[in-house]
Number of protein chains: 2
Amino acid sequence: MSKISLLERRQFIKTFGAAAGVAAGAAVSGPVMAVSSSSVGVKWDEEVELLIIGSGFAGLAASIEATKRGCKDVHIFEKMPYFGGNSAINGGLFAAPGTPLQQKEGVKDSVDIMVADQIKSGRGIADVALLRHVASHAAEALQLTIDAGAEFHPYLQQLGGHSVARTYQTAVSCGAGITQPLYNECKRIGVKTRNRSKFEGFLLGQDGSVEGVKMRVGYYFGKDDSGAVKNIRAKKGVIVATGGFAQNVTLRMAQDPTLTSEVGCTNAPGATGEGMYEMFRLGAIPVHLAHIQSGPWASPDEGGFGYVSNYSIFNFPHSVAINCKTGKRFMNEIADRKTRADAELACRDSQGNPMPPILISSFKDSKNHPNTAKVIKYNVGWKFESLEDIAKHFNVPVEPLKAQINEYNTYVKNGKDEQFGKDMTKATEMAGPFTVVRLWPKVHYCQGGVKVNTKAEVIDSFSGKPITGLYAAGEVCGGIHGVSRLGSCSIPECIVMGMTAARSALSA
Amino acid sequence: MSKISLLERRQFIKTFGAAAGVAAGAAVSGPVMAVSSSSVGVKWDEEVELLIIGSGFAGLAASIEATKRGCKDVHIFEKMPYFGGNSAINGGLFAAPGTPLQQKEGVKDSVDIMVADQIKSGRGIADVALLRHVASHAAEALQLTIDAGAEFHPYLQQLGGHSVARTYQTAVSCGAGITQPLYNECKRIGVKTRNRSKFEGFLLGQDGSVEGVKMRVGYYFGKDDSGAVKNIRAKKGVIVATGGFAQNVTLRMAQDPTLTSEVGCTNAPGATGEGMYEMFRLGAIPVHLAHIQSGPWASPDEGGFGYVSNYSIFNFPHSVAINCKTGKRFMNEIADRKTRADAELACRDSQGNPMPPILISSFKDSKNHPNTAKVIKYNVGWKFESLEDIAKHFNVPVEPLKAQINEYNTYVKNGKDEQFGKDMTKATEMAGPFTVVRLWPKVHYCQGGVKVNTKAEVIDSFSGKPITGLYAAGEVCGGIHGVSRLGSCSIPECIVMGMTAARSALSA
């Protein structure tokens, strides 16, 4: 097989299997790939009640919810050797309205207000029914994580585009602060967690329903022929929670030719989109694939999500972002992600080369975040005594910079940002010493995916009806957020829709 | 079959055929639908050299080009009773650089300038290689239509977003001025033109290549069970030129929930997207489906493309668009389509209800377009002696309106628009009597579709390679234009890519 690529074989096997009338799902011997095919005549290697693909937020939440609802044979499959998927390395930020911390801090919020913020960021094309469904169950989803042992900082953050402070963050400032407790809970309640298992396609019944999957077990990431394909029947259905495709450079460049392999990405390497594309081959409706989000809080000085992302998310409300060419502010530091990413990408020299802007924070404020020590330690952020030192280090014109900071401080005093209309509720007067990081967007999140309804059912493009036996949850779905997703709204979506998928599967 | 819908049957037959190992493509008796399936064991009802689906600009151009290149058995299939598809009712506007009319009018233009205009309108995500391929062959494509007998107005227009005048328009101000001559040419050179024939799915060879199609012949639009399905082998390949999906309300709402059935649409009723979705089921990459364009030149006072669209496209350069609430201009009248459609959609009363803006033209200028008499005759445009009369009729504050027109006239005199930076090259002083139409965007064009390369080959999402035997051209393809397509750039794309698909199929 050495001269024929994996993908050619995949295509070959697909059509060969179908053409020859071979029981395409029969347990294959040797290194072959396959895609969805008929289950008729298939020898089932295994039968399970509920089969979940992907062990990020959505898959883990679905497993727990299904078990709570009485399902005693829940299996969660993960292609990587470790569990948690891309969720484990995300920022651990969780937005919900009407939470205990909002009550404690006296924040007035509601499902309506949160949905309205998201509609605005979605620029008119968000799926309001899905947003409302998620916001209505977000506090319940948060409680599910707390019940499983997740720990959060004792304060709320107000992230860009949110009209109030409604965002929890894990105590470890990272998604693993949720995936790890959820995984432990799965083990505790008897969910079968199965790593090194790669989804290879659906097995379809005569009525078009998803009856099971082909799963390559004993798989080693990067070794496509490793392990063996098993036919696994899923009596209650299959929940696809395989995440986005931000790490699939070919497919993201098909949507946006500027997102070459040289553009940074915060995602785990497994975020390559095969699950999503296999659902398109079944007839799922592709929605909003063109909307790929870059995180405006990322640093060009470190790989992936790194330490700076959470540092700057925490600091934006009381910090100033400066264009190094002009020494002036160039954006509302807490605008929505797309607004800020677009503004940062416009910071360039006269030849059009990137000039990453800097985020200046007062050390008295920044030191309250645990990442501050780390960004300085790892040399991806720096401490300066004065604005003059900053100007010298980053080659910023010093007088405009000093004038800008003075001007900003009057906005702080008056509670009104005359430049960009920033909400100054959490702003503080800027004073040395300062900490500074550089900013440059990285590919972070795919708003696009398969179309689902509020039952997490996957809709068929011809019939407009759900594909029986198939559910999807999390980033693999598309359309809910529209053009731009607000920060900290992905975790509630993943967990609520994972829970929803489990409920739908068990009540079908 | 009365209790089971067409689409349910479609789904049923798809999976039943596959499951039972039935030769899914065998000529079926009775009213059934099917989707793509294996060609092995299929009884071919007919064999042709080249099979083209869709008789709009792309399909017709492909037919002619293939015949010119020596293919003597070209078949073009059309599901409607009439030929020409949505192309026949479009505006008949054709942009090309380096044409005879540009030489005559002394317009300096080039492929580079045209591509640069399109990149700008595409907002960074257009496919530059495809744009360049089309622009490089646009003059040749224009000549193909002229050779077939198409007639054009003897002047060029400068459409919104184009930096120079480069747009031809058919003498009948409508796409039929091209489709009809191309169709006649097809008949003359021996292309087999077959109407009432509905595509039902591909037939795939063992190697995954497209070997032919299932075609429902004797089909009556709207009667899904009419006619009979035939298996047609296409020895040189299949070219899909089935157009966009602007008339499929479910699918366009999946991308943009605001595009309900109550939003107007300029397209022919057949623009429903089945060909595109069937290619997704084969594994084609969906690109930019979220980008659906509304035409800013449409009128809320008539159905479809109507008479106003071409009237206003012609008049925008020397006219003023007015917000009826304020009496003031609210956009550059020749900005790109998306910029203008968004600006018009923002014209609303205090309750958010639409307040369609008005386009005011001097009658001395507007009367040069043949549609002016028609818009007045059919009461979708009106002639007024004075601005006072306009203000009274449309309930516009009169003093701001008069001040605005005076102000605009100074811009005309100075050759510089201080309000919106409009290119004033073709602007003229506004003077009564005036003609006025109302503006409100209508869904017009789908930027999204299947990903193709500059050979019109369709790319597979798993392998990144072309699907053998399959080509696509025209609006069914996605990604070339990016976020917003410039006016008059669709016809050159359709014709160039249709010609390209024919060349690729014959040289494969």
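Which residues of S15(A) are buried on one side, and which on the other? To find out, select strand S15 of chain A, residues 358–362, where A:Ile358, A:Ile360 and A:Ser362 are buried on one side and A:Leu359 and A:Ser361 on the other. Buried here means under 20% relative accessible area, exposed means over 50%, and partly exposed lies in between, with a 1.4 Å probe and protein chains only. Because five of the five residues of S15(A) are buried, the strand is largely enclosed by the rest of the structure.

Before moving on, note that this is a predicted model, in which local features need pLDDT of at least 70 and side-chain atom pairs count only at pLDDT 80 or more, while totals for chains, interfaces and linings use all residues. Residues are numbered from 1 along each chain as its sequence is written, chains are lettered from A and ligands numbered from 1 in the order in which they are written, and side-chain values use heavy atoms, leaving out hydrogens and water.

**Strand neighbours in chain A**

Next, select residues 319–322 of chain A, which form strand S14 and run antiparallel to S15(A), joined by four bridges; here A:Ala321 stands opposite A:Leu359. Strands are DSSP runs (E) of at least two residues and helices are runs (H or I) of at least four, numbered from the N terminus, and two strands pair if DSSP finds at least two bridges between them.

**Salt bridges**

A salt bridge is a side-chain nitrogen of Lys or Arg within 4 Å of a carboxyl oxygen of Asp or Glu, and the structure holds 50 of them over all chains. Select A:Asp336 and A:Arg123, whose closest N and O atoms are 3.2 Å apart in such a bridge; the two residues are 213 residues apart in the chain. A:Asp336 is buried, at 12% relative accessible area, whereas A:Arg123 is partly exposed, at 34%.

In chain B, select B:Lys43 and B:Asp45, which meet in a salt bridge of 2.9 Å, N to O; B:Lys43 is exposed at 53%, and B:Asp45 is partly exposed at 27%.

**A helix in chain B**

Finally, select helix H9, residues 308–315 of chain B, which is largely enclosed by the rest of the structure because eight of its eight residues are buried, among them B:Tyr311 and B:Phe314.
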